Amino acid sequence: MAELVFFSGTMDCGKSTLALQMDHNHQARGRSGLIYTKMDRAGTDVLSSRLGLSTAAHEVGDDLDFWDAVVEHATNGLRVDYLICDEVQFYTPQQVEQLAKLVDEMGVDVFAFGITADFRTQLFPGSRRMIELADKVQVLQVEALCWCGRRATHNARVVDGLMVVEGEQVVVGDTKPGSEALVEYEVLCRRHFMRRMNSAAARAAAESPDVLPFDLDLCPVPQQ
């Protein structure tokens, strides 16, 4: 039975690496699939891992219809047994519904990978719809770590060294278009996310750069 499986986790937990590995495993068993991604860190039409691995992929635009794309392949005599879909948090809810339809109506396995929540801890629309429709939602077991060494649970946006919780939901790349502010992303444990204490702020508050401030009094909860 075909399934829609959503592999989720924070940044740095190995989602794209697993996507590449799953494609390799299925190809090794004679299965034929298509790889899709959107706004990958390495550019367009590529699925890349932070470990340095990469492969060619189909870039997902907002106007892509997954059902039509797979039907076109099948019409041209190309077998499609599965789809690898990375960065699904950026897909539209309608595209997630198309993926579910491919599973149910054409028996195509869909393996989707993405983060669930943005830097404001709000669900991405694509991830929300994936959670609602997926046969399985699996949290990756490779734990990303906060600067303090605890398990990271939240994705933080850092601008010029300071964590921010306001702004556009999607800002891709190292710099925000039209701005000179350096935009980075960092994974944090819930404690330090809630206290807006990213690694740069921790170093700034430390008496020594070699000793980070684990005392919560040094990173109080911000006033609302």
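The model is a predicted one, with local features needing pLDDT of at least 70 and side-chain atom pairs counted only at pLDDT 80 or more, while totals for chains, interfaces and linings use all residues. Residues are numbered from 1 along each chain as its sequence is written, and side-chain values use heavy atoms, with hydrogens and water left out.

The protein chain holds six helices and 11 strands (DSSP runs numbered from the N terminus, H or I of at least four residues for helices and E of at least two for strands). Of its 224 residues, 44% count as buried, that is, under 20% relative accessible area with a 1.4 Å probe, protein chains only. As for contacts (heavy atoms within 4.5 Å), 73% of those between residues at least 6 apart in sequence join residues at least 24 apart.

Helix H2 (residues 66–75) packs on helix H3 (residues 93–106) at about 40°, the axes lying 8 Å apart; axes are lines fitted to C-alpha atoms over the stretch in contact, and angles run from 0 to 180 degrees between N-to-C directions. That makes the pair oblique, the label for whatever is not under 35 degrees (roughly parallel), over 145 (roughly antiparallel) or 65 to 115 (roughly perpendicular). H2 brings Phe-66, Trp-67, Val-70 and Val-71 to the contact, and among the H3 residues there are Leu-99 and Leu-102.

Over in helix H4 (residues 125–133), Gly-126, Ser-127 and Met-130 are buried. Looking down the H4 axis, these buried residues fall within an arc of 95°, so they line one face of the helix; the arc is taken from the directions from the helix axis to the C-beta atoms. They pack against strand E1 (4–8), H3 and strand E7 (109–114).

Notes. Buried means under 20% relative accessible area, exposed over 50%, partly exposed in between (1.4 Å probe, protein chains only).
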